[in-house]
Amino acid sequence: MSRAVRRFRTIHRAWIVAAVAFVALIGAAGFRATPGVLIVPLQDEFGWTRTATSLAVSVNLILYGLTAPFAAALMDRFGVRRITAAALALVAMGSGLTVFMNATWQLVLCWGVLVGIGTGSMAMVFAATVANRWFFRHRGLVIGVLTAGGAAGQLIFLPVLAWLADRHGWRSAALMVAVAALAVVPLVMLVLRDRPADVGLEPYGATGPVDAPPATGGTARTAVAALRAAARRKEFWLLAGGFFICGASTNGLVGTHFIPAAHDHGMAETTAAGLLALVGVFDIVGTIMSGWLTDRMDSRLLLGWYYGLRGLSLLTLPLLFADSPHPSMLVFVIFYGLDWVATVPPTVALSGEIFGPDRGTIVFGWVFAAHQIGAAAAAG
């Protein structure tokens, strides 16, 4: 037996599960990258107003967030593997059906409802669930890496989608996302497992067996009960309020409106998409570093720094738009990218620390819902 094979067999299954989860998050992130790319082509073809297309984005962002706590409860009841595969299939359906639409209500249904629910069933709650179940050590780092999967999806898809929309029309971009999401489903079904005990293992770094929590009642009842209990504590409202601001300043403001705003100042859409993809590059670095820091520092201190620095950078953005990139805009892209979702690892850590590892995941789903409500408010 070769040394490489022996080394592969000694890798803890948790790392393989995390790798598959990372790929799944990349697949789901494809459509998350498309709103900014497709707004202008849809306006040009159908004559739809910015308000009409923004409505679909807002519905998508709200459902993306509100689905999260129920998805966490569904993963507890039916398993991570089944819910993840179903979510990817829903993303593919919503993306693929957009090629047949000719009215704004169809855009809201496909782009807003189907894709919103599909991506919301995975998103950051999926990353938190995998990290909390499979890792005892390095949880913060794993959450950072998995969260960066969304940025990696944006990085991979955004320039390609912009190029496809420009050269071959927006329908080719939508179909590519559908195919990419479906391609991940077999991998999820073959490799992903719900808990380490399913394959006779303990979580990575655990010194003894970790029992699964007892089965709970209905999914909706579990999610709502977690919200009721959390809402009695001020820590929940501090986390939710911070994440509301986080969503408004990332997905809602910059993620949705950066490309159209740059286009209004004379910048080519492909160039603006490249800048937003560059944000994704530095987001990967920033989020992984944030996960590493979360394992070593007080999460409250990290969040204070992240939100403060983000606010200072946004104050400069209106002054930076021009018909072509310039050094000041590149500095903003780098700085903002490092802070894009760096807030996720410390927020997940605090949710688990305050509310417990399993209940904390569902509570984080509600905190994430506040994130997406903020995003929808800024996107509209």
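These legends describe close-up views of one predicted model.

The model is predicted, with local features requiring pLDDT of at least 70, side-chain atom pairs counted only at pLDDT 80 or more, and totals for chains, interfaces and linings using all residues. Residues are numbered from 1 along each chain as its sequence is written, and side-chain values use heavy atoms, without hydrogens and water.

**View 1. Helix α12 packs on helix α15.** Helix α12 spans residues 269–294 and helix α15 spans residues 344–355. Helices are DSSP runs (H or I, at least four residues), numbered from the N terminus. The two pack at an angle of about 35 degrees, and their axes lie 8 Å apart. Axes are lines fitted to C-alpha atoms over the stretch in contact, and angles run from 0 to 180 degrees between N-to-C directions. From α12 come Thr287, Ser290, Gly291 and Thr294; they meet Pro345, Pro346 and Ala349 of α15. Contact means heavy atoms within 4.5 Å. This contact has 3 nonpolar, 4 polar and no charged residues. Ala, Val, Leu, Ile, Met, Phe, Trp, Tyr, Cys and Pro count as nonpolar, Asp, Glu, Lys and Arg as charged, and the others, Gly among them, as polar.

**View 2. Helix α11 also meets α15.** Helix α11 covers residues 234–264. The axes of α11 and α15 come within 11 Å and cross at roughly 165 degrees. That makes α11 roughly antiparallel to α15 (an angle over 145 degrees). The α11 side of the contact is Glu235, Phe236, Leu239 and Phe243. The α15 side is Val344, Thr347, Leu350, Ser351, Ile354 and Phe355. By class, 7 of these residues are nonpolar, 2 polar and 1 charged.

**View 3. Aromatic rings pair up in the structure.** The whole structure holds 12 aromatic pairs. Rings of Phe, Tyr and Trp (its six-membered ring) pair if their centres lie within 6.5 Å; planes over 60 degrees apart count as edge-to-face. Phenylalanine 236 and tryptophan 237 form an edge-to-face pair, 5.1 Å centre to centre with 75 degrees between the planes. Phenylalanine 236 is buried at 4% relative accessibility, whereas tryptophan 237 is exposed at 52%. Buried means under 20% relative accessible area, exposed over 50%, and partly exposed in between (1.4 Å probe, protein chains only). Tyrosine 336 and tryptophan 340 have ring centres 5.7 Å apart and planes at 80 degrees, so this pair is edge-to-face. Elsewhere, ring pairs link Trp15, Phe135 and Tyr204 into a cluster.

**View 4. Tyrosine 336 sits in helix α14.** Helix α14 runs over residues 327–338. Tyrosine 336 is buried, with a relative accessible area of 1%. Beyond neighbours within four places in sequence, tyrosine 336 contacts Ser249, Thr250, Val254, Arg310, Ser313 and Leu314.

**View 5. Alanine 226 lies in helix α10.** Helix α10 comprises residues 219–230. Alanine 226 is buried at 1% relative accessibility. Leaving aside neighbours within four places in sequence, alanine 226 touches Arg359, Ile362 and Val363. Glycine 360 is 134 residues away along the chain, yet the C-alpha atoms of alanine 226 and glycine 360 are 8.6 Å apart.

View 6. Histidine 138 has a positive phi of about 65 degrees, although it is not a glycine. Histidine 138 is partly exposed, at 28% relative accessibility.

Notes:
Rings of Phe, Tyr and Trp (its six-membered ring) pair if their centres lie within 6.5 Å; planes under 30 degrees apart count as stacked, over 60 as edge-to-face and the rest as tilted. Angles under 35 degrees count as roughly parallel, over 145 as roughly antiparallel, 65 to 115 as roughly perpendicular and the rest as oblique.
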